[in-house]
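Please look through the sequence and the model below before reading on. The paragraphs that follow take up confidence, one residue and the contact between chains.

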Amino acid sequence: MKAMQHTHPVRDRANMIKLSNLEFVRDGKLWLRVPQFSCGPGERVALMGPSGSGKTSLLRAMLGLLLPTRGELELKQQATMLFQKPALLRCSVLNNLRIAAFLAGLSRREGIRQAMIWLERLHIDELAYQQAYRLSGGQQQRVAFARAMLKPSAIVLLDEPGANLDRQAQDRLEACLDRQYSVVFSSHDHQQVKRWADRVYQVDEGIVLERTL
Amino acid sequence: MSEASLQALGLLMSGDPALWAVIGRSLWVSSLATLLAAILGILLAFVLMQFVGRLRSVLTVLLNTYVAIPAVLVGLLTYLLLSRSGPLGDLGWLFTVKAMVLAQTLLLIPLACTLVHRLLQDADETQGESLRVMGAKPWMRYLFLLFHDRHALLHMLITCFGRGIAEVGTVMVVGGNIEGFTRVMTTAIALETTKGDLPMALALGMVLLLLVLVLNLLIALLPWWRDRLTGALR
């Protein structure tokens with residue numbers, strides 16, 4: 001299996017994410033197969049399928065959190081991810097973001113500045129000093145998104161981004177992800193996929209195939 | 001109430017210097033041992049987190065075995081280390097407070113490590129992937145997990161202190177229970193009881209009981225305090 005590769009910023013139009021003949025085996029059983037998957041620069045690719053079909057596992061594999069049994073997986077640039085469950089740390093919203101900024105290598109001042117920018121974009125800047133665990137699910141999800149975006153990434157992976165969000169919050173989130181980002185998102189929401197995705201892959205009975213929108 | 005109990009209360013109220021010196025020494029030895037064990041336990045837990053699969057399971061079993069070793073055996077091993085013919089004999093620590101701190105630290109390290117390791121494993125399940133995606137290297141990730149569950153760290157400290165203050169095996173063997181020098185609450189209780197001086201033994205027993213009660217109360221209050229400060233998940 002070819003390991004994940006990270007190259008310098010892409011100057012051509014090559015795919016940002018490319019998966020070929022990926023297979024996942026568990027307890028001796030092949031449970032997910034990806035013959036071919038790609039996401040180009042600035043593209044928005046949706047992953048659809050029933051719960052438990054492997055959408056989240058595929059996203060995790062793209063980040064190296066889950067190793068496929070065989071196949072090729074290539075990411076041209078650094079990626080970040082918004083998980084379905086926010087998983088914020090037990091501290092204030094701003095401190096959650098400052099930790100992300102610190103891990104991204106930003107200075108203290110720049111980290112706070114960028115954190116506030118993202119909170120303002122998502123209209124949750126007034127929550128900066130509140131304890132993250134006191135927020136509603138939707139608010140936590142938006143904080144988690146802001147935190148994910150502090151990592152300089154050209155690729156953004158979203159696991160059920162609309163799960164805890166109302167339509168307005170979803171629109172704001174989508175508006176933040178302009179065409180400078182390549183986005184792969186899993187969703188059950190046909191409306192969102194129709195509205196936002198350029199291409200769709202369906203996970204069906206253990207195989208990931210592209211289908212028409 | 002028996003006469004011995006009343007006399008014990010009287011001893012406590014009167015501020016008997018010998019009594020309070022024993023109490024103070026116990027608190028000092030166990031506090032220092034807890035702090036040292038916590039630091040070393042945390043470092044060991046970090047190391048243990050680096051191992052995966054079967055190897056980690058084997059190491060965890062060995063660690064749990066170490067936790068279960070009788071205190072008097074840890075005292076014996078420390079005695080052998082510090083005796084004149086032992087590898088650390090030149091330190092001259094045997095039958096001093098330093099020896100007692102060392103012995104209790106060795107006793108508490110596996111308990112601290114086990115509790116911290118459990119904390120890290122649990123927190124890593126919910127927070128680990130997010131921290132990895134953010135770019136946290138392993139030891140940085142563990143530090144943030146400790147920060148996330150800092151209230152559980154307090155639980156570890158309280159539990160270790162409770163174990164230390166209440167044990168007699170290690171401090172008796174390496175300290176020698178020397179009056180005015182290495183005598184602590186538990187060794188004093190053992191001695192005074194065999195001498196038949198029940199008021200003194202009872203007075204120390206009351207203090208020990210009160211301490212254990214306070215510690216358990218703190219442990220019981222920790223979840224409430226944590227939720228109050230950081231807010232429970234809705």
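Chain A has an average pLDDT of 89, and 94% of its residues score at least 70, where pLDDT is the predictor's confidence in each residue, from 0 to 100. This is a predicted model, in which local features need pLDDT of at least 70, side-chain atom pairs count only at pLDDT 80 or more, and totals for chains, interfaces and linings use all residues. Residues are numbered from 1 along each chain as its sequence is written, while chains are lettered from A and ligands numbered from 1 in the order in which they are written.

Over residues 1–12 of chain A pLDDT stays under 50. Where pLDDT is low, the predicted coordinates should not be read in detail.

Lys18(A) lies in strand β1 (residues 17–26) of chain A; strands (E, at least two residues) and helices (H or I, at least four) are DSSP runs, numbered from the N terminus. Leaving aside neighbours within four places in sequence, Lys18(A) is in contact with Ser38(A) and Glu74(A), contact being defined as C-beta atoms, placed from the backbone, that lie within 7 Å. Between Lys18(A) and Leu75(A), which are 57 residues apart in sequence, the C-alpha to C-alpha distance is 6.6 Å.

Where the chains touch, 17 residues come from chain B and 17 residues from chain A. On the side of chain B that touches chain A, α5(B) gives the most, with 6 residues.

Definitions and conventions. Contact = placed C-beta atoms within 7 Å.
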